[in-house]
Amino acid sequence: MAASLEWLEANSTRIDRLNVFPVPDGDTGTNMVLTMRAAVEQAARLESPTVAEVGRGLARGALLGARGNSGVILSQILRGMSEGLAKFSQCSPAELAQGIKHASRAADESVTNPVEGTILTVARDAAKAAVSNTVDTLEDLGTTVVDAARTSVRRTPEQLAVLKEAGVVDAGGQGLLVIYEGLLRNLRGLPPPEIVAEDRGVEVFSEFAVAHGADEHGYCTEFVILGEDMDPDVVRETMGEYGGSLLVVGDPTLIRVHMHTETPGEALTAAMSYGPLDAVKAENMDMQQAENFATAATEATAATVARVPVVATATGEGLTQVFESLGATVVEGGASMNPSAGDILQAVDGLDGDWAVVLPNNKNIVMAARQAAEQSDKDVRVVGTRTVPEGVAAMVAFNATAAADVNERMMESAAGDITTLEITQAVRDATIGGLTIKQGDYLGLQDDDLVTTGQAPNDLVKQMLEGLADDEPELATIYYGSQVSADTVEQLSDELQAGFPDLEVEVIAGGQELYDYVISIE
């Protein structure tokens, strides 16, 4: 298994580049490496390992170290293999073949709606070959498994139309093939590969607090209204008279309000006409007026933010500050580096109380979040937020005085009301959904679906907003990335306000890598 990890590390960049969409956050190979590394490190701690003990160590390490969907599925493959070998201190080729069969079965069971042409198919084809052929040695078994997996990977574009259109094989399936190849290389006595490290990181230039402390003025005001027969739309209309950046979510008996206002007292008084208020918070955002006391003011503000039982994933200084300002515990991770199930579990277990909510904020982190939830002794609810804007909306809807099930329901509802627009650059040529893409083109994604491409990111944003005009969007919150200048995003804001007079535009330095803009539309 250590040899498999080495071979996977040597091939991870190539696997990353198999991402169907030509965006720079393809990280299937990286996620599988990190998952596999956690598995091998756990197994390597054993003093006198047997096959069964190594299997259990691999399964436990992978369970906590799983990153991304591919890592979670790989952890289930290792768990299934462990269960298949649980009775053996050493194993024959036939017994290992049964372990590979159990691995495939566990992988299939881990996915609600299995899709052909993926890692699941490759695992299944490899398992069928393993148990259908009588072999005398482990090397013969390895050869059989690798040949079947390689053939299966080559077939994936014929089984999954999007792979054929993109001109790639399935990345997860390729990763599993590489793992089996590493095993076979070791059985044949081949030396470990020479690995050339690649720097996948992108330097973050954003200095959110310093450069953009004056972007917003007034008070960030939040509160909960407890009433009867309330109408969130009516409350939203009333609160709109007192400020901007308005988010109003809830039901007839409980409404959560977030707003930026110069007159928090007046806003709170107006809100009280609907019912008693709870969880009131008003923080001064006008940093320039307190320049001489910036450090003290920042520390005082941070101290007033009460921690709540919510774990959210985010990357970029600005996005991290957004979630922390709402009381969440942030786990570093996002499009370019998914946190492991163990990272999320550690954050959850570090919270006070017997329940918690997890916001993955990325579709590729949802499975790891659910795996962490299963491992925790707490009652953990995973709200399946696919994007950062969905996570922010869910966070705003959180009510510290409500029970876990109430919060889960309200946060899911709030996240569902958000449309997310994202702008990034293509890292290779491709044809997706009828769109011809060249390396370096800007891509426009709406709720993770590729909808347009072009040369100018600001133009793509305006184009996508025009497509949403029938929905009459009221608020666009633009989180701009580390490579976008303040002048560029200011120009975008001005153009949106001129082109969409009824749209309120808020700009926040997100500091995220890879994505020029992540935009929340409400």
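Student: How many helices and strands does the secondary structure of the protein chain come to?
Tutor: We're looking at a predicted model, in which local features need pLDDT of at least 70, side-chain atom pairs count only at pLDDT 80 or more, and totals for chains, interfaces and linings use all residues. Residues are numbered from 1 along each chain as its sequence is written, and side-chain values use heavy atoms, with hydrogens and water left out. Helices (H or I, at least four residues) and strands (E, at least two) are DSSP runs, numbered from the N terminus. For the protein chain, the tally is 20 helices and 16 strands.

Student: Which residue of β16 is the bridge partner of Y480?
Tutor: Start with the strands: β14 (residues 475-480) and β16 (residues 515-521) run antiparallel and are joined by five bridges. Follow Y480 across to β16, and its bridge partner is Y517.

Student: Where in that sheet is T424, and is it buried or exposed?
Tutor: Its place is in strand β9, which covers residues 419-425.

Student: What is the phi of D447, in the hairpin of β12 and β13?
Tutor: That hairpin has two residues between the strands, and D447 lies in the loop there. It counts as buried because its relative accessible area is 19%. D447 isn't a glycine, but its phi is positive, at about 50 degrees.

Student: What about D448: what is its phi near?
Tutor: D448 also has its place in the loop between β12 and β13. It is buried too, because its relative accessibility is 14%. Here again a residue other than glycine takes a positive phi, this one near 75 degrees.

Student: Which strands are at the edges of the open sheet of four strands?
Tutor: The strands of this sheet follow the order β6-β5-β7-β8, with parallel pairing. Two of them pair on one side only: β6 (329-332) and β8 (379-382).

Student: In β6, which residue is the bridge partner of A312?
Tutor: β5 (residues 310-314) pairs with β6 in the parallel sense, over four bridges. Trace A312 across to β6, and the partner is V330.

Student: Which buried residues does helix α14 have?
Tutor: Helix α14 spans residues 317-325. After it comes G327, whose phi is positive, near 100 degrees. The buried residues of the helix are G318, L319, T320, V322 and F323.

Student: Which residues is L8 in contact with, leaving aside neighbours within four places in sequence?
Tutor: A nonpolar core is a set of buried Ala, Val, Leu, Ile, Met, Phe, Trp, Tyr and Cys residues joined through side-chain atoms within 4.5 Å. The largest one has 54 residues, and L8, M36, I77, I100 and Y180 touch the most other members. Contact means heavy atoms within 4.5 Å. With those neighbours left aside, L8 is in contact with I15, M32, V33, M36, G175, V178 and I179.

Student: How many aromatic pairs are there, and which residues form one?
Tutor: Rings of Phe, Tyr and Trp (its six-membered ring) pair if their centres lie within 6.5 Å; planes under 30 degrees apart count as stacked, over 60 as edge-to-face and the rest as tilted. One pair turns up, a tilted one with 6.1 Å centre to centre and 35 degrees between the planes. Its members are 43 residues apart, one in strand β7 (residues 355-359) and the other in the loop between α17 and α18 (404-416). So that's one aromatic pair, W355 (buried, at 17% relative accessible area) and F398.

Key. Buried means under 20% relative accessible area, exposed over 50%, partly exposed in between (1.4 Å probe, protein chains only). Two strands pair if DSSP finds at least two bridges between them.
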